[in-house]
Amino acid sequence: MREAFEQEIVAAAGEAFAAHGLEGFSLRKLALRLRCSPGTLYLYFKNKEDLLHAVVERAFEKLLEAIRSQPKTGNVFADLRQWFLAYVRFGLRFPNEYRCAFVLPSISRTKPYRPHAAFEVLRSYLQVGMANGTFRKSDVDRTAQVLWAGVHGLTSLFIARPGFPWVKRESLVDALAQSLIEGLLAPNGKTSAKSRRSTSRSTRASK
């Protein structure tokens, strides 16, 4: 019962934070929406910053779940493309959580950065690709951040501009992924043009 209500609080808070930001968020208004007293909320969270932290952590858990649910092919080129698709699908399915995790300003400027598992998955694919000769050697963190920035930008645009006449979304995501990932390939990498075409077909078939 307690855990279920805590999840209800977090879900409702995600919508409120996404709509109003941290400064415009009100625990009193949230309590009215949930039909409880403000004091009840303080039994679960010490302040609105603590509540926003819970929303963000829940968002990262959902993102990781989306990424891990994608089929693994053993082909690092294909698996990276699946990572891109999973990321965008998460953002479109949970736009409020996405805004809280990736659009709102950080609530902590003193705690050291803690890498999240979804980013570590991305790094691991790059490490494998560099080790087996598919990708050229480069700084893993910098490369992972470039890829993350690219997919974040597209996801944010989808969420912020739903009325724009986008081409088929997954086609656009796939084109971005292919463009970015092909830019990583080693000059004589093991991922041949033929295998990339095969990867593209298998990726489309999984949609």
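Which residues are linked with Arg-123 in a network of salt bridges? I found Glu-120 and Asp-141 linked with Arg-123 in that network. My note on the term: a salt bridge is a side-chain nitrogen of Lys or Arg within 4 Å of a carboxyl oxygen of Asp or Glu.

Before going on, I noted that this is a predicted model, where local features need pLDDT of at least 70 and side-chain atom pairs count only at pLDDT 80 or more, while totals for chains, interfaces and linings use all residues. Residues are numbered from 1 along each chain as its sequence is written, and side-chain values use heavy atoms, with hydrogens and water left out.

**Entry 1: Arg-123**

I looked up the pair Asp-141 and Arg-123, whose side chains meet in a salt bridge at 2.6 Å, N to O. This pair links distant parts of the chain, with Asp-141 in helix α8 (residues 140-160) and Arg-123 in helix α7, 18 residues apart. Helices here are DSSP runs (H or I, at least four residues), numbered from the N terminus. Is Arg-123 buried or exposed? I got buried, because its relative accessible area is 16% (buried is under 20%, exposed over 50%, partly exposed in between, with a 1.4 Å probe and protein chains only). Asp-141 is partly exposed at 35%. Leaving aside neighbours within four places in sequence, Arg-123 is in contact (heavy atoms within 4.5 Å) with Val-140, Asp-141 and Ala-144.

**Entry 2: other salt bridges**

How many salt bridges does the structure hold? I wrote down six. One of them joins the side chains of Asp-174 and Arg-81 at 2.6 Å, N to O. Asp-174 sits in helix α9 (residues 169-182) and Arg-81 in helix α5, 93 residues apart. I have both down as buried, because Asp-174 is at 8% and Arg-81 at 0% relative accessibility.

Next I checked Arg-89 and Glu-170, whose side chains meet at 2.9 Å, N to O, in a salt bridge. Arg-89 lies in helix α5 and Glu-170 in helix α9, so this pair ties together parts 81 residues apart in sequence. Arg-89 is partly exposed at 26%, and Glu-170 is partly exposed at 23%.

**Entry 3: Lys-72**

I found Lys-72 in the loop between α4 (48-68) and α5 (76-93). Lys-72 is partly exposed, with a relative accessible area of 47%. Its side chain reaches the backbone oxygen of Gln-70 at 3.0 Å. Beyond neighbours within four places in sequence, Lys-72 is in contact with Ile-67, Asp-79 and Tyr-125.

Methods
Helix = DSSP H or I, 4+ residues; strand = E, 2+ residues; numbered from the N terminus. Polar contact = N/O pair within 3.5 Å; in protein donor to acceptor, adjacent residues only side chain to side chain.
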